[in-house]
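Subject: Structure for you to look at

Hello,

Here is the structure I promised to pass on. Please open it first, then read the notes below.

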Amino acid sequence: DTYHKTEIEQSIRIKDLPPKVLLALPKEYDQKEFTYKRKLKDGKVSYDVDYEKGGKKFSIAYDEQGKVIEEEKKIELSDLPPDLRIKAEKVLSAHYPGYKILLVEEVYTHNEMLLEIFFSHPKAKTGFAEAVFEYKTGIFREFINIRMQSIQTLY
């Protein structure tokens, strides 16, 4: 069995954001359309702000000081380069046969691009997990158990 870190996600309201995160929010969008999450991973708290632009869904993660940690863009599995999709599907099938993909994201963080595939499987400790890959090479990084307040925290 592979060790998985656990990430805990909780939907929150705008009033629950730290002041520095509030100041950092994108000003060019209607904040009424944002959804907010608090995440705890590796002992660190971050705040996700999800929004839609031109029919595409995005998320920006901030630390408590309002610094951008990562930016995510929701994509379709079919949008991936074929070799990357094949590598990801092989890893998922090897560890979680019969998995069901719920969300695929391109992630920009620390000057690199990653692929995150969020999926469900009865064998996953929390029922939901995320597989993280290097986008350019398809190299598998890690599995993360996801504990959510509800499935609606996805988007």
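Is Glu7 buried or exposed? The model is a predicted one, and in it Glu7 has a relative accessible area of 5%. Buried means under 20%, so Glu7 is buried. Glu7 belongs to strand 1. Leaving out residues up to four places away in sequence, Glu7 touches Lys39, Leu40, Lys41, Ile144, Asn145, Ile146 and Arg147.

Next, the salt bridges. The structure has 10 of them. In one, the closest N and O atoms of Lys5 and Glu142 are 3.4 Å apart. This pair links distant parts of the chain, since Lys5 is in strand 1 and Glu142 in strand 9, 137 residues apart. Glu142 also forms a salt bridge with Lys41, at 4.0 Å from N to O. Because Lys41 lies in strand 2 and Glu142 in strand 9, this pair ties together parts that are 101 residues apart in sequence. Lys5, Lys41, Asp42 and Glu142 are linked in a network of salt bridges. Lys5 is partly exposed at 26% relative accessible area, Lys41 at 24% and Glu142 at 21%.

Another salt bridge joins Glu112 and Arg141, with the closest N and O atoms 2.7 Å apart. Glu112 is in strand 7 and Arg141 in strand 9, so parts 29 residues apart in sequence are tied together.

Last, the largest pocket. Its volume is about 620 Å³. It is lined by 24 residues, and Lys41, Asp42, Ile69, Glu70 and His110 are the closest to its centre. The lining has 14 charged, 7 nonpolar and 3 polar residues. Strand 3 gives the largest share, 4 residues.

Regards

Technical notes:
Residues numbered from 1 in each chain as written. Predicted model: local features only at pLDDT ≥ 70, side-chain atom pairs only at ≥ 80, totals over all residues. Heavy atoms only, no water. 1 Å grid on protein atoms, 1.4 Å probe; cavity = no way out; pocket = protein on both sides within 12 Å on 5 of 7 lines; lining within 4 Å. Points joined across faces, edges and corners; volume = space filled by probe spheres on them. Helix = DSSP H or I, 4+ residues; strand = E, 2+ residues; numbered from the N terminus. Nonpolar A, V, L, I, M, F, W, Y, C, P; charged D, E, K, R; others polar. Buried < 20%, exposed > 50% of the residue type's maximum accessible area, 1.4 Å probe, protein only. Contact = heavy atoms within 4.5 Å. Salt bridge = Lys/Arg side-chain N within 4 Å of Asp/Glu carboxyl O.
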